[in-house]
Amino acid sequence: MSKQSPRVLVAAIISEPDPPRVLLTKHEGHGRWHFPDGEVGSRERLAAAMHRSFQRDLGVGPAKIDERACLPTDTINFSKDLHLVTLHLIVSLPSGAQFMPRSGIEFAWFPLDSHKDPSFVRKALASTYDIFCRLDADK
């Protein structure tokens, strides 16, 4: 493993309650669905990185980013000499947001009550369930 610092990413967990669903994106050539994300630049705030990546990939900015609710994941791939730290943040979209994804980006809403969910979505959202509960209690 190299002695490089880990790369830091921010990823958005965007869900809608009725019907329960979550927004995922897929980049051409990657072949897998994932939460909308982007790399955090040097001296860049998490919210700024999230706004930048949303504008770049989906053509819309998030309305609200809740940095209090953060689910970190730590991924190390020794064969690729890669270390990623991803901070999953709870994000809401502007009312009536219309996506204009850049070329090569797909997006889709995945229902949470379906067996068709990518398993990592269920796992990630199960892990954030306590965070959602704490946020609701704070209101």
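## E44 and its polar contacts

The side chain of E44 gets to within 2.7 Å of something on the backbone: the nitrogen of G41. That side chain also has a polar contact at 2.9 Å with the side chain of R52. Polar contact here is a pair of N or O atoms within 3.5 Å; within protein, one must be able to donate a hydrogen and the other to accept it, and residues adjacent in sequence count only if both atoms are side-chain atoms.

Before going on, a word on the source: this is a predicted model, where local features need pLDDT of at least 70, side-chain atom pairs count only at pLDDT 80 or more, and totals for chains, interfaces and linings use all residues. Residues are numbered from 1 along each chain as its sequence is written, and side-chain values use heavy atoms, with hydrogens and water left out.

## Where E44 sits

E44 is in the loop between β4 (37–39) and α1 (46–58). Helices (H or I, at least four residues) and strands (E, at least two) are DSSP runs, numbered from the N terminus. Leaving aside residues up to four places away in sequence, E44 touches E39, A49 and R52, with contact meaning heavy atoms within 4.5 Å.

Its relative accessibility is 22%, so E44 counts as partly exposed. The cut-offs: buried is under 20% relative accessible area, exposed over 50%, partly exposed in between (1.4 Å probe, protein chains only).

## Strand β1 and its partners

E39, touched by E44, is also the bridge partner of L9 in β4. β1 and β4 pair antiparallel over three bridges; pairing takes at least two DSSP bridges between two strands.

β1 also runs parallel to β6 (residues 82–92), joined by seven bridges, and V8 stands opposite V85 in β6. Five of the seven residues of β1 (residues 7–13) are buried, so the strand is largely enclosed by the rest of the structure.
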